[in-house]
Every structure is written in C-alpha cells, then in structure tokens.
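Here are my notes on this one, as numbered points. Have the model open while you go through them.

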Amino acid sequence: MGYTLDALIGSVGALHAAASQWPAAVPVPLAHDLALLPMTDELFDAVTDGTTERVLGFWKLPGGFDRELSSWSSVGPVGYVEADFFGGVGSQRAALWVAGELAFGPLFVGEGEPFAPQGSPISQLLARLGVERHRYRDEFEAVGLGRHRETADWLP
C-alpha cells in the first residue's frame, strides 16, 4: 500500500490567512491546533511563478513559492512536507519557515535510509511546531497524518 503527501502544515491561523489568497487552497484541520493545506495540482498551478527549478530539492514545491511561505510565516510558522512511500520504502522531505526565515531544513531522508533518532523529517518539523507524541508512536501519528493515503484525499 502507498502513501503520498505534498502539503503545507502550520497553525490554523497562519494557513487560513494564507488560504484566503488562493481559491484552490483548502485548509484541513489537524490535531494540536494545526492545519494542513494539500498541494494539489490546482494549487500548484495557481501559486507557481513558472520556474521549473526544484526549490530546496522538493519535487512539488512550486517555483518561487518559498518566498510566499517566508511571507506567510510572519503570521505563524509554516512548513512544507513531502512523503512518498510504497510497500514501506520511500522518502520524506520537510522544511519550516518562521518569522520570514527558513528555520529548519530542508531535511531529507531517501529510500533505504533510516530516520534519525529524533524521528522522520515530518515528525521533526511537527515537534518544532509544538506537537508532542504522548501516547502515539510519533508526532506524525499524533496529528493524524495517517488518516489519508493520498494528498487529494485530504480535500473535503
């Protein structure tokens, strides 16, 4: 079974403020007062500046959108995450902007590489957003990122 996620994650306030600029942006609530904004093809097309370079090594972070994330992070921390797994094998990448600056990452774990003792790139980003794992295996599980297997499935 596969798992694919391309999304922004941040405080509910930061992502709702950001989403108001783009009709294709649909914030989805997560646990711990966070929200997820799926990077759908429609949102990608709406926010890209048209450049084709891979920003910070991400596959689906639109050209020039890192500048927008930097701006949005003045309202609250905003992260961008990518995960692509099939049959337990895959990769994760995460970066976090805080107060207009890239504050974490990009952190990447590729196919066949183990996660750091601190956790996966996405779990480390979530920890920086204040998520505590409590009774869950990790921060990824604590916010409910396992609810859907594909990015588009997060949309209502």
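1. With which residue does Lys60 form a salt bridge, and how far apart are the closest N and O atoms? The partner is Asp41, and the closest N and O atoms are 2.7 Å apart. By salt bridge I mean a side-chain nitrogen of Lys or Arg within 4 Å of a carboxyl oxygen of Asp or Glu.

2. Before going further, keep in mind that this is a predicted model, where local features need pLDDT of at least 70, side-chain atom pairs count only at pLDDT 80 or more, and totals for chains, interfaces and linings use all residues. Residues are numbered from 1 along each chain as its sequence is written, and side-chain values use heavy atoms, with hydrogens and water left out.

3. Back to the salt bridges: the whole structure has 4 of them. The Lys60–Asp41 pair links distant parts of the chain, 19 residues apart: Asp41 sits in helix 2 (41-47), and Lys60 is in the loop between helix 2 and helix 3 (65-72). Helices here are DSSP runs of H or I with at least four residues, strands are runs of E with at least two, and both are numbered from the N terminus. Lys60 has a relative accessible area of 18% and is buried. The cut-offs are under 20% for buried, over 50% for exposed, and partly exposed in between (1.4 Å probe, protein chains only).

4. Next, Arg133 and Glu139 form a salt bridge, with the closest N and O atoms 3.6 Å apart. Arg133 is partly exposed at 35% relative accessible area, whereas Glu139 is buried at 7%.

5. Arg137 and Asp138 also meet through their side chains in a salt bridge, at 4.0 Å from N to O. Asp138 counts as buried, with 16% relative accessibility, while Arg137 counts as exposed, with 60%. Salt bridges with shared partners join Arg137, Asp138 and Glu141 into one network.

6. Take a look at strand 2: 2 bridges join it to strand 3 (residues 34-38), and the two run antiparallel. Pro29 stands opposite Ala35 in strand 3.

Notes. Two strands pair if DSSP finds at least two bridges between them.
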